[in-house]
Amino acid sequence: MAVDESDRNYEHPLYSMPGLSVAATSVDKLLTWGATNSLWVFAMATSCCGIELMATAASRVDADRMGTIIRGTPRQCDVMVVAGTITVKMAPRVLKLWEQMPEPKWCIAMGSCAISGDFYRDIYSVIPGIDTAIPVDVYIPGCPPNPEQLMAGLIRLQEKVRAVRGGEWAPKDERPETEAMQKTAPSIPRLLSAERSPDVTLAQLLGAGNLGLGGALNRAADAPPLAAPQETSDAITTQAPTETSEGAVESPSEDEHADA
Amino acid sequence: MPTPEEFRALLEDDFGVSEWSEKQPPLIEAVDHHRLAEVLKERGYTLYVFVVASHRPGVEGAEDALTAAGYIELATGLRSPTENSQLAIWRVRVGLDEQLATLVDLFAGADWQEREQFDLVGVRFAGHPDPRRLMLPEDWEGHPLRRDYAINTPHPPWR
């Protein structure tokens with residue numbers, strides 16, 4: 001998909017003034033230092049990987065020493081660590097929490113369930129890897145990975161953040177893929193793969209009850225328009241009964257997250 | 001009353017059970033399901049422990065109509081917490097399109113357990129106060145623990 005970038009202005013007015021670029025670079029370095037050393041983690045822990053995630057925050061490995069603090073609400077966090085098996089019922093909630101996190105945000109898929117679904121990948125209720133729903137920056141293989149591996153993943157994420165903020169191109173993290181995993185490719189194509197239709201992303205965001213930024217991001221240039229604004233709001237209201245019937249159970253926990 | 005001998009005597013006298021197996025709990029008629037639970041509750045089995053359902057697919061050429069069409073077999077267990085903690089288990093067989101009387105009016109703890117069996121195996125409990133799915137999303141189609149349910153059934157847009 002070709003994106004028309006001719007009208008984009010990369011020249012910030014500050015950089016045209018003499019001397020200011022030096023100051024801006026210094027300030028930017030300071031901000032990068034701050035951003036890489038305050039990666040607050042939202043622990044999307046659903047199974048045994050969550051135990052290792054807790055151990056990473058404990059005294060032996062001590063992720064706190066590089067500013068990686070685990071927070072209970074997505075609104076204060078920069079990194080979502082998806083630690084564990086994500087089921088079909090959980091996936092809309094994960095996507096909703098992901099959409100509640102402020103930009104810039106990153107995602108770490110911790111453990112083989114979050115990467116591919118592992119040996120649950122063919123089961124009716126398990127989604128085959130979280131990268132079919134939200135974009136993953138760092139994959140940490142293991143079942144479960146030990147705290148040192150998660151720490152290495154966090155350091156790799158720091159390097160990636162440093163590179164991106166410094167204007168370098170950060171290569172996409174290689175998804176560990178074995179022969180057996182290629183044989184059982186998921187029916188839902190992964191994000192950024194060529195086969196993925198933007199309608200899947202839209203359907204997922206609708207399922208999560210969230211038409212945030214993500215709805216427009218993955219659309220091809222020649223794709224038909226989603227809907228007129230009036231119709232879109234109609235679509236949301238007609239969706240509402242199914243969402244509330246499902247959301248009736250989840251809304252208290254959502255409120256807790258918002259209040260925390 | 002709760003001793004295994006008295007439980008056996010009750011089933012033989014009042015519920016027409018004649019076949020006994022060492023490996024399987026007694027099988028009673030589905031219409032007697034609620035009455036047996038009521039009688040047992042009066043006699044001290046006041047703790048609802050479990051209900052487990054399993055789907056038996058239809059067998060072609062079987063003489064029994066239920067076996068030919070396929071059925072769901074449920075095992076229910078009650079415990080007597082006061083009298084030496086005896087466990088009473090019985091089985092019932094329900095056709096795939098039949099309903100079974102709920103036990104929620106006797107035991108409040110049966111609520112979610114019966115919802116789980118409805119969700120995964122598809123037993124319809126007549127008179128259940130809240131007959132929704134418990135584990136799977138509400139828009140789910142089918143009951144995954146039935147033998148004819150394909151394990152890798154897709155569920156767009158998530159899997």
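Helices here are DSSP runs of H or I with at least four residues, strands are DSSP runs of E with at least two, and both are numbered from the N terminus. With that in hand, chain B reads α-β-α-β-α-β-β-β-α-β along its sequence.

## About the model

This is a predicted model, in which local features need pLDDT of at least 70 and side-chain atom pairs count only at pLDDT 80 or more, while totals for chains, interfaces and linings use all residues. Residues are numbered from 1 along each chain as its sequence is written, and chains are lettered from A and ligands numbered from 1 in the order in which they are written.

## The two chains

Let us start with chain A, which holds 9 helices and 5 strands. Their order along the sequence is α-β-α-β-β-α-β-α-β-α-α-α-α-α. Chain A has 260 residues, and 30% of them count as buried; a residue is called buried if 20 or more other C-beta atoms lie within 10 Å of its own, exposed if 12 or fewer, and partly exposed in between, with C-beta atoms placed from the backbone. Among contacts in chain A with a separation of 6 or more, 76% link residues 24 or more positions apart. Contact means that the C-beta atoms of two residues, placed from the backbone, lie within 7 Å.

Chain B has 4 helices and 6 strands. Buried residues make up 25% of its 159 residues, and its C-alpha atoms fill a box of roughly 55 × 40 × 25 Å along the principal axes. In chain B, residues 24 or more positions apart account for 56% of the contacts with a separation of 6 or more.

## The sheet of chain A

Chain A has an open sheet of 5 strands in the order β2-β1-β3-β4-β5, with parallel pairing. Two strands are said to pair if DSSP finds at least two bridges between them. At the edges stand β2(A) and β5(A) (138-140), each with a single partner strand, so one side of each has no neighbour in the sheet.

The chain passes from β1(A) through α2(A) to β2(A) in a right-handed β-α-β crossover, that is, with the strands pointing away from the viewer, the path from the first strand over the helix to the second runs clockwise. β1(A) also runs parallel to β3(A) (residues 79-83), joined by 5 bridges. Across that pair, F42(A) stands opposite M80(A) and A45(A) opposite A83(A).

## Helix α2 of chain A and its neighbours

Helix α2(A) packs on the sheet of chain A, touching β1, β2, β3 and β4 (106-110), and its direction makes about 150° with that of β1(A). Axes here are lines fitted to C-alpha atoms, for helices over the stretch in contact, and angles run from 0 to 180 degrees between N-to-C directions.

The axes of α2(A) (residues 49-57) and α5(A) (residues 147-165) come within 8 Å and cross at roughly 75°. The two helices are therefore roughly perpendicular to each other, a label given to angles of 65 to 115 degrees, whereas those under 35 count as roughly parallel, those over 145 as roughly antiparallel and the rest as oblique. E52(A), L53(A), A55(A) and T56(A) of α2(A) meet P147(A), L150(A) and M151(A) of α5(A). By class, the residues of this contact are 5 nonpolar, 1 polar and 1 charged. Ala, Val, Leu, Ile, Met, Phe, Trp, Tyr, Cys and Pro count as nonpolar, Asp, Glu, Lys and Arg as charged, and the others, Gly among them, as polar.

## The sheet of chain B

Chain B has an open sheet of 4 strands with mixed pairing, in the order β1-β4-β3-β2. Its edges are β1(B) (27-28) and β2(B), each with a single partner strand, so one side of each is left without a neighbour in the sheet. β2(B) pairs with β3(B) (residues 71-79) in the antiparallel sense over 9 bridges, and V51(B) stands opposite T76(B) in β3(B). Helix α2(B) (residues 33-42) packs on this sheet, touching β1, β3 and β4 (87-95) of chain B, and its direction makes about 165° with that of β4(B).

In α4(B) (residues 110-120), the residues A110(B), E114(B), Q117(B), F118(B) and D119(B) are buried. They pack against β2(B) (47-56) and β6(B) (124-126). After α4(B) comes G122(B), with a positive phi near 90°.

Finally, where the chains meet, 14 residues of chain B are in contact with 20 residues of chain A.
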